[in-house]
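This report goes through the fold of a single protein chain, from its overall make-up to selected residues. Please keep the sequence and the model open while reading.

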Amino acid sequence: MPIGKIEAFDETNDDWLAYVERVEQYFLANDIKEDKQVAVMLSLMGNKTYGLLRNLSAPEKPSSLSFKTIVETLQKHLSPKPLLIAERFRFHKRNQLEGETVSTYIAELKKLTLYCEFGASLNDALRDRLVCGLHNELIQKRLLSESELTLAKATEIAFAMEAAAKDTLELQGSKESDVNKINTENARVYNVKPKPRDNCYRCGGTTHESSECYFKKETCRKCGKLGHIQRVCRSGRNQNTTQRRKVDKPNLHSFEMSDECDDDSFVASLEVNNVNQVTAGEVIWVTPKINGHTLKMELDTGSAISTLPLQKYKEIFADTPLVDTKAILKTYSGEKMKPEGKLLVRVEHNNQVKNLTLYVVETQGPALFGRDWLHEIQLDWKQICAISKEKTPQETQKKLEKLLDEYHEAHEPTSKTIEKSMRSNVPLPMAAVFKMSSSQEVLQLYRQMLRVGKTFTSYNFRMYATRRIKDAFRENKDITDPEKIKTLIKRAEDSLQVMKRQVSLGQMYRHEKLVIEKNR
């Protein structure tokens, strides 16, 4: 009695190569000799496939062909080799679907790479597509924060965060099932029916969720607020009734508040780097007047609320008592931070006067001008962006002198320097080696990568690419081994090609600009 069963091949549902692999395993399981494999194959494939093979091999009969010839003949007809560019386009276009798990998404990505011919860069391509195509922004931002990210590490982090999110939902009891509800007072049993889908509060529709509504960025003509249309507006005309504000989808820098909940009973998220460190570089400063005192604040669209360091509070607002707050701040790394309290302050800026809330936290960084104030205070973005791009001659001169001191041998590898290095058997630093051999190549490659990195349509990707390129070149500036240098150059060239492909694919889709870049 034969082991296993092979059904007739159905080209509408089956893949020919997978079917051939199953037949080969059938041969092994039943110890079918090579001289009988053709006869068994023709018997298993079914009438329709046999007729197709007979037409393709005419005038020869299928029984006269070898097993290999039969497989190749049908493969050319059923599974022709696809176009490389089209297959790579499908791969780079594939994003995680709603409700699709990370493991299923990775499996689908690997399936799409079958004809992409990525070769040695397969793992890098899978890693890039995984990070760019994830549906969950929390996982995506966590992966982007990793400096040395590999496919294995990205997969491990994504699996862990997805599992943690599911476990958290279960622990919080957010997953409700249709069960019999028992009243503990009189022990009577009630049958709880499934709750019908609520109408979309943005437009009143019933076929979609509010987070997917087309009108989620529309302004109401009745009350002037963002997020719904006039038809479903709950406000009276020209009244400033507080409306429930919801988050479209989970976001690290978002929080939910409504008129049914206490103003303090929320968790706000802050970027840990901006809270605990004084950042350098392209920082945008705003100087509003707070209770009559001019305060220099860092504009941070990544912070859900506006904060003031405790030390600044003691220096400027010590006479103003703090109000207790139940708010809990959450950093990028998941750490929770309890504010010392909050201040109800009078804020003046650009002829605007608002009474706003300022949270006092025990940190060493600057005061932060967060999104809660951005919703209330209108900033002059053209002036801010113009000022942020200006650099004083003194700053430029200091930066130039620092670079010249750090890489002086790269700019002037004199004969004395080279002779001294050869005589003492001390290898020249990497910069000097490049100067003598391929400094122009390295410099040109560095500039090309920076230029390409700045063409990403997504603001977050542009910032990440620029920072990652600078860090990588800085980390390897002291390498002296010529072979290792060549390897790094080759790796950088490969990365440049990957970046160019990602930029081209990214330009096919429309990206919403962030507040900070809308008026640049």
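## Overall make-up

Helices (H or I, at least four residues) and strands (E, at least two) are DSSP runs, numbered from the N terminus. By that count the protein chain has 20 helices and 13 strands. The model is predicted, and local features need pLDDT of at least 70, side-chain atom pairs count only at pLDDT 80 or more, while totals for chains, interfaces and linings use all residues. Residues are numbered from 1 along each chain as its sequence is written, and side-chain values use heavy atoms, with hydrogens and water left out.

Of the 520 residues of the protein chain, 35% count as buried. A contact means heavy atoms within 4.5 Å. Among the contacts with a separation of 6 or more, 57% are between residues 24 or more positions apart.

## Strand pairing around β12

Two strands pair if DSSP finds at least two bridges between them. β11 and β12 pair in the antiparallel sense over nine bridges, and V347 has K354 in β12 as its bridge partner. These two strands form a hairpin with two residues between them. In the turn, N350 has a positive phi of about 50 degrees.

β12 also pairs with strand β8 (residues 307-309), here in the parallel sense over three bridges. L308 stands opposite V360 in β12. Seven of the 10 residues of β12 are buried.

## Nonpolar cores

A nonpolar core is a set of buried Ala, Val, Leu, Ile, Met, Phe, Trp, Tyr and Cys residues joined through side-chain atoms within 4.5 Å. The largest has 23 residues, and those with the most contacts inside it are L308, F369 and W373. At least two residues of this core come from each of β7 (297-299), α11 (310-316), β11 (341-349), β12 (352-361), β13 (367-369) and α12 (371-374). Another core, of 22 residues, lies apart from it and includes W16, V20, I32 and L42.

Beyond its neighbours within four places in sequence, L308 is in contact with L295, Y313, F317, L343, L358, Y359, V360, V361 and A367.

## A helix pair

Helix α6 (residues 102-112) and helix α9 (residues 151-171) have axes that come within 10 Å and cross at roughly 150 degrees. V102, S103 and I106 of α6 make the contact with T155, A158, F159 and E162 of α9. These residues divide into four nonpolar, two polar and one charged. Axes are lines fitted to C-alpha atoms, for helices over the stretch in contact, and angles run from 0 to 180 degrees between N-to-C directions. Ala, Val, Leu, Ile, Met, Phe, Trp, Tyr, Cys and Pro count as nonpolar, Asp, Glu, Lys and Arg as charged, and the others, Gly among them, as polar.

## Two single residues

Q37 is found in helix α2 (residues 37-44). Q37 counts as buried because its relative accessible area is 17%. Not counting residues up to four places away in sequence, Q37 touches F27, I32 and F67.

K454 is in the loop between α18 (439-453) and α19 (459-475). K454 counts as exposed, at 55% relative accessibility. Leaving aside neighbours within four places in sequence, K454 is in contact with R462 and T466.

Definitions and conventions. Buried means under 20% relative accessible area, exposed over 50%, partly exposed in between (1.4 Å probe, protein chains only).
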